[in-house]
Amino acid sequence: MKRGKSETRLDKVDMFVSLSRQRSIQILIGLGILYVILVTFELPLVFNAGFGALSQETLVRPSILQSEENLQARHAPTRPLPRVSHSSDQPSPLLKRERPPVKVLSGLDFDPESFDPTKKDGSVELHKSAKTAWEVGRKLWDGMESGKIQVLKLNSSDNKSDSCPNSVTLRGSEFVKRGRMVELPCGLTLGSHITVVGKPRGAHAEEEPKIALARGKGEQVMVTQFMMELQGLKTVDGEDPPRILHFNPRLKGDWSGKPVIEQNTCYRMHWGNAMRCEGWKSKADEETVDGQVKCEKWIRDDDNGSEESKATWWLNRLIGRTKKVTIDWPFPFSENKLFVLTLSAGLEGYHISVDGRHVTSFPYRTGFTLEDATGLSVNGDIDVHSVFAASLPSAHPSFAPQRHLEMSEKWRAPPLPEGPAQLFIGVLSAGNHFAERMAVRKSWMQDKNVQSSSVVARFFVALNARKEVNFELKKEAEYFGDIVIVPYMDNYDLVVLKTVAICEYGFRTVRAKYIMKCDDDTFIRVDAVIDEARKIPEGRSMYIGNINYYHKPLRYGKWAVTYEEWPEEDYPPYANGPGYILSNDIAKFIVAEFERHKLRLFKMEDVSMGLWVEKFNSSKTVEYVHSLKFCQFGCIEGYFTAHYQSPRQMICLWDKLERLGLPQCCNMR
C-alpha cells in the first residue's frame, strides 16, 4: 500500500529535527570542552603574572568618563582613584597625570637697592621697614627651603601634652601688668564664661575736641566709659586685631546725654553695624538670642510725663483701681560702685549679666567663631579688681591652622594657558587666612572663565611671624597651585609690595590683557568685570574701579599721614583697594619703575596705585572709569565686586549667582 505524500513529508521533517538536535548538542559539548580548557590554562597565568599583565586595551572605561576632569567634577565623596600597576612604562589612563612642580615664589626682582632708605620723597621710614621685612623674610624662606628651619609636627599625643587650661584667674594688679589683657589660649567654646569684677571711675572732662564742643561754649562735657573686648589674633603686623565683641557702656551717655551701652564687631579695622541699648526693652516681635532679649530695660515704667500721671491718678482713685506698681531698674553701672559682670557664650550669641541680672545679648556675627576669641581686654575709665574665665576648651585650634582646607582635586587651580590670558586677578591674602582662600576657591574661582584658563587667579601672600603658618602655607601653595609667596615678613604698611608683585606676575607670567587687584574678602562677578573692561576701545590704557577724586590725607587719628610722608594737600585720583582693573601697559610700567628703583612707595596701597597711574598718564593718556558697582563697603544689588564678605557670605553669593543667575547680596549676620 502506498504511503501518502503528506506522510513522506512528515518523515523528512522528523529526520531533519533529529539531526539538528544532535548537531546542537555536539556544538554545546564542544563549547563546554573549550571553556574548560581556557579556564584551566588562563587562570594560573592570570594569578601568577598579576593583573598588571593585562593589556592596556582591556581596561577600557565607559565613554562617559573620558577624563579625570569629568570624574572630579562630579559631586561624589573625594577619594583617590584606584591605582592600577602596569608592567610597561606607559602611564595608566586611570591615574591623574603628574603635575609639574609648582613655582610658588614671586619672580619680582627684590634686591637691597629696591628699598633705598636715603630717598627724599617722604618714604624713608617705609623703605627702612621694607628692607628689614625683606631681609628677614628672605632668610626665613631660604631656611625653610633648605630644611634648616623646621616646625614641630603635632599629633594627637602632642595635643594632650600641650593642652590649654580649663580656667584662668587674674588679680587686678597682674591684669594691669599684662597690658590689661587676659589671654584665652584656646579661645572659647559653648558654655564658656568670663567674670570681671570692677569699679567705674568718676566722670571727667572730655578731652576729644569734637565731643567737647558739642555742648556749647563754656560748658564742659563730662564722660566716663569703659570698653570690654573679645579679641582675635593679629592678621599682620601693623593691623589691629579683630574685635569679635566690643562692649562699651557709657555712663554719662554720648550725643543722647543718657546712659547707653553700645556693642559691635570690627574686622580688618572696619566696624560693623552697632547695636545700641538705650534703656528700652527690645520689642516683643524682635528676634531673641537663645531666648533672651538683646536689650533689657533700665528706664522707669512711669517716666512718661508727670502731667499725664496726675490726670489719671484721680480717675484711678474714683473707679477703685490701685496705683500701678513700677519696677525701677537702674543703669547697671554706677560711678565708684563695684559690679560683677559675667559674659557667657551661648548657642546663638554672647550674653552679659551684671550683678546677677541679664543686661544684653549680642548675636554672633558671621566670619567669627568662638575659638577665634583668644583674648579679653578691658580699657577705659575703670579699675579692674579680678578676672575669672572658666569652662574653656582644652584643645588649641592653632594646632591645625589649615583645618579649613579641603584637599580635593576639584579645588586645584587649572593650568596656565599656553597663550596670553584675557584677565589676571591677583588676590591679596594673609598667611593664616586659610578659610578665606578656601571660600574663594569654592565660589567665584569656579567661574567658567577661570576654569577654562581664559581668566587666571592667584593669591599673593607674604610670610607670617608664626613658623607653623608658613609651613602650612607652603604645603597649601604646592598642592592647590594658586598661591604666589612674596618673600617678606607681612606688615600692614607693606601691602603695596604685594601689589607690585601682582603687576609683575600678571604681565610676565600670565601675559594678561587686563590685570585686576582685589582682596580675599572680595567677591567678584568675573563675567561682569570682563565686560566692563572690554568697553574700553582696543589699544587704550585704562584704570577702572570705584575712583576717589580730590581726597585729602588725614593728619590725625589712626589713619594719620604726616607731611613728611605726603606733603601734597590732595591725593591723586585713585580706585579703592577692594577691586580695580589696569591695562597691561600700566602694570609693565610699574614693574619697570620698581626694578629701576624709581617707584615711589606709599603705605596706602590704593593711593600708591593712583600715584603710579598718574605718572604713567603724563606720557600716555589713561582712561579713568568710575563705577560704584566696585563696592568699597559691603554689597549692592547688581555689584561687580562685593567687599567685606565672610567665607559664608562668599558661598551664598556664588550660590545665588549660579542657581538664580542674579547678582543679589547676602546680608546675613
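**A friendly note on the cysteines of this model**

1. Cys631 counts as buried, with a relative accessibility of 4%. Here, buried stands for under 20% relative accessible area, exposed for over 50%, and partly exposed for anything in between (1.4 Å probe, protein chains only). The closest cysteine sulfur to that of Cys631 belongs to Cys635, at 5.7 Å, which is too far for a bond. A disulfide, for comparison, is a pair of cysteine sulfur atoms within 2.5 Å.

2. Please keep in mind that this is a predicted model, in which local features need pLDDT of at least 70 and side-chain atom pairs count only at pLDDT 80 or more, while totals for chains, interfaces and linings use all residues. Residues are numbered from 1 along each chain as its sequence is written, and side-chain values use heavy atoms, leaving out hydrogens and water.

3. How confident is the predictor? The pLDDT, which gives its confidence in each residue from 0 to 100, averages 79 over the chain, and 74% of the residues score at least 70. Residues 42-97 have a pLDDT below 50, and beyond near neighbours in sequence this stretch has 42 contacts in the model. A contact means heavy atoms within 4.5 Å. The pLDDT also stays under 50 over residues 302-308, where the model has three contacts beyond four places in sequence.

4. How many disulfides does the structure hold? There are four. If you count the bonded cysteines along the chain, the pairing pattern reads 1-2, 3-4, 5-7, 6-8.

5. Let us look at one of them. Cys164 and Cys186 are joined with an S to S distance of 2.0 Å, and their link is right-handed, with 80 degrees about the S-S bond. Cys164 sits in the loop between α4 (156-161) and β1 (168-171), and Cys186 in the loop between β2 (181-183) and β3 (193-200), so the bond ties together parts that are 22 residues apart in sequence. These element names come from DSSP runs, numbered from the N terminus: helices are H or I with at least four residues, strands are E with at least two. Cys164 is buried at a relative accessible area of 9%, and Cys186 is buried at 2%.

6. The link of Cys635 and Cys665 is left-handed, with -85 degrees about the S-S bond. This pair connects distant parts of the chain, 30 residues apart: Cys635 in the loop between β23 (622-626) and β24 (641-642), and Cys665 in the segment after α15 (647-659). Both Cys635 and Cys665 are buried.

7. Cys652 is bonded to Cys666, S to S 2.1 Å, in a left-handed link with -85 degrees about the S-S bond. Cys652 and Cys666 are both buried.

8. Is Cys518 buried or exposed? Cys518 is buried, with a relative accessible area of 0%.

9. Val625 is buried, at 18% relative accessibility. Leaving aside neighbours within four places in sequence, Val625 is in contact with Glu532, Ile536, Tyr543, Ile544, Gly545 and Ile547. Glu532 is 93 residues from Val625 along the chain, and the C-alpha atoms of the two are separated by 9.4 Å.

How values were computed: pLDDT is the predictor's confidence in each residue, from 0 to 100.
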